[in-house]
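Student: I'm new to this one. Can you walk me through it, please?

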Amino acid sequence: MKNLVLPLLLWFLLSVADAATYYVSTSGNDANAGSSDSPWRTIQKAADTMTAGDTSIVLVGNYNEDVSTAASGTVGNYITFRGSNAFSGAFYLAHAYNRIEGFTLTNFHNVDTPAAAILIGPNGHFSQIVSNTIGPTPTDVRGLNSKY
């Protein structure tokens, strides 16, 4: 048992050390590095780049986009999208161990039919949806008074 502890501890520390934090801003550009000084413009750019353990901080603003995950996190290393007074379209969780936190989702008419603010696909298991505000989309209010 002692022979397993050190390799597992090293693996854990190395996997945590590789985690990156990226930034998204309405004044950014997807050709940027994604740093706090040089943020990306779209949440989808973050989704396309991030791997297990990474976090994107989405700064205040209106991001009129529908975002699809592009990778899975792992048990101890979620891929985290953290909104900071950020408004967005919708999220499609196509992969496991993704975390959506702190967004206001209002314009979710393009993800799928029926419209959904957060749609969890068949491989989106173990994902976390935390402290989001979901409101009716201006163009489609089916979710308010129907089976959807």
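Tutor: Let's start with a term: a salt bridge is a side-chain nitrogen of Lys or Arg within 4 Å of a carboxyl oxygen of Asp or Glu. This is a predicted model, where local features need pLDDT of at least 70, side-chain atom pairs count only at pLDDT 80 or more, and totals for chains, interfaces and linings use all residues. Residues are numbered from 1 along each chain as its sequence is written, and side-chain values use heavy atoms, with hydrogens and water left out.

Student: How many salt bridges does a search of the whole structure find?

Tutor: Side chains of opposite charge can pair when their charged atoms come close. Glu-101 pairs with Arg-99, with the closest N and O atoms 2.8 Å apart. Glu-101 also meets Arg-82, at 3.5 Å from N to O. For the whole structure, the search gives 2.

Student: Which strand holds Arg-82, the partner of Glu-101?

Tutor: Strands here are DSSP runs (E, at least two residues), numbered from the N terminus. Glu-101 sits in strand β5 (residues 98-105), and its partner is 19 residues apart from it. Arg-82 lies in strand β4 (residues 79-93).

Student: Is Glu-101 buried or exposed?

Tutor: Buried means under 20% relative accessible area, exposed over 50%, and partly exposed in between (1.4 Å probe, protein chains only). Arg-82 has 32% relative accessibility, so Arg-82 counts as partly exposed. Glu-101 comes out at 18%, so Glu-101 is buried.

Note on methods: Helix = DSSP H or I, 4+ residues; strand = E, 2+ residues; numbered from the N terminus.
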